[in-house]
Amino acid sequence: MQTTMSEDQAAFIPEVSEKSTGKINYINHLKVLLTVLVVLHHAFITYGAPGGWYYQQKDTHMAALFPMTLFVATNQSFFMGFFFFMSALFVGPSLQKKGTGKFLADRLKRLGIPLVFYSLILSPILNYLVAYFGNGHHYTFMQYLSGYDDWIDFGVLWFVAALLLFNFVYLIVKSIPALNFNIKVNFPSNKIILIAAFLLGLVSFLVRLEFPTGWTLKPLGFQLGHFPQYITLFMLGLIASNNNWLSQLNLKQGKNMRRMVILMVLIVLPAIFVASLITKAPLNEFNGGWNPFVFSYSLWEQMTGIMIMTALLCIAKFKWNTPSGFLSGLSASAFGVYIFHPLVLISLSLLVKAWAVDPIIKLVIVGPSAVALSFVLVAFIRKIGFVRRII
């Protein structure tokens, strides 16, 4: 795969082009889609879906909680793993272009600086906003900082920390001559993909016996129960890059996967949830332990996630590759939105805190508003020269 790198974004997911086909617009468009899903994911958790977030006003009605849970469970099955895959696609070409020294310096600047900024500046601000406006602790910011002790807090940038770590490991392994990264394999068939996804589900189940989902490795913020997928997808991104998988994508294959995704999301997952309700199983049985619900959910999650990623790649290449100035602009701001969206989302949710309506109504308003305002905010921030060179 012949690619050219945008120097201001190569550490995350770069703007890419392919000499033989022109601009690979669909990769940039998928990056926008995933970023939007990240913002909406956290908005759904704010108002009722399971998961942890800075500030929450939970809906208690099952009619609202069920679709919220379905949405975040489907997102969780693929969107962060897809980020790792697409980021890894460009690691090899970037290293070859820049050399080890410049590659490492670039990663430290474009990933390390956002980590330090989020942990030391943005995270204390976010926590103070919640403490003051959400929990009613009316002290000054300096008073709050005097008792603040969470200075290593990557928040949503756990992904950036993991990506930086994966890049370091890649460089170390790449420097060992006995290890060969040039695995030659064509883009797999759906049958092979499903078998691999099933095996990944088994591994995830076994890992969650020791590290249930929700358990976080402090202070990095890594939920190790999800890391079998993240590690696998990063490695697959490297293999895909070496074997030019993007040129081998097949529309029919993507459509077949899409049909299976619909079945998994609308039939299989609700059936698992209904079974848990009938048996009155505690919700934490989906997180880990030796029980049928975490086993079935782990298999569902990994198989559904891999199906969605395959479907999106294949269909987007043939149906979503049209150039768009609007989407290109959003793509350039995607990394910044990933960093700053908690500030926008938390501010909006606190702004409507006292509004006496059902939380689902707030979600309908706050979710899309947080997406739009996050992109607007980052577009202005990126007008600052040194910021643009980082994000």
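The model is predicted: local features need pLDDT of at least 70, side-chain atom pairs count only at pLDDT 80 or more, and totals for chains, interfaces and linings use all residues. Residues are numbered from 1 along each chain as its sequence is written, and side-chain values use heavy atoms, without hydrogens and water.

Helix α8 spans residues 227–242. Helices here are DSSP runs (H or I, at least four residues), numbered from the N terminus. From first C-alpha to last, the 16 residues of α8 reach 23 Å, close to the 22 Å expected at 1.5 Å a residue; the expected span is 1.5 Å times one less than the number of residues. Its buried residues are Phe-227, Pro-228, Gln-229, Tyr-230, Leu-233, Phe-234, Gly-237, Leu-238, Ile-239, Ala-240 and Ser-241. Asn-244 follows α8 and has a positive phi, near 55 degrees.

Helix α7 (residues 190–210) packs with helix α10 (residues 292–319). The angle is about 140 degrees and the axes lie 8 Å apart. Axes are lines fitted to C-alpha atoms over the stretch in contact, and angles run from 0 to 180 degrees between N-to-C directions. The pair is therefore oblique, the class left after under 35 degrees (roughly parallel), over 145 (roughly antiparallel) and 65 to 115 (roughly perpendicular). The crossing of α7 and α10 is right-handed, meaning that the near helix is turned clockwise from the far one by less than a right angle. Contacts (heavy atoms within 4.5 Å) include Phe-198 and Arg-208 in α7, and Glu-301 and Met-303 in α10. By class, this contact has 14 nonpolar, 6 polar and 2 charged residues. Ala, Val, Leu, Ile, Met, Phe, Trp, Tyr, Cys and Pro count as nonpolar, Asp, Glu, Lys and Arg as charged, and the others, Gly among them, as polar.

α7 also packs with helix α9 (residues 251–278), at about 40 degrees and with axes 11 Å apart. This angle makes α7 oblique to α9. Asn-190, Ile-193 and Leu-194 in α7 meet Gln-253, Asn-256, Met-257 and Met-260 in α9. The contact has 4 nonpolar, 3 polar and no charged residues.

Helix α1 (residues 25–46) and helix α12 (residues 334–351) pack at about 25 degrees, with axes 10 Å apart. α1 is thus roughly parallel to α12. Their crossing is right-handed. Among the contact residues are Lys-31 and His-42 of α1, and Tyr-338 and His-341 of α12.

Terms used:
Helix = DSSP H or I, 4+ residues; strand = E, 2+ residues; numbered from the N terminus. Buried < 20%, exposed > 50% of the residue type's maximum accessible area, 1.4 Å probe, protein only.
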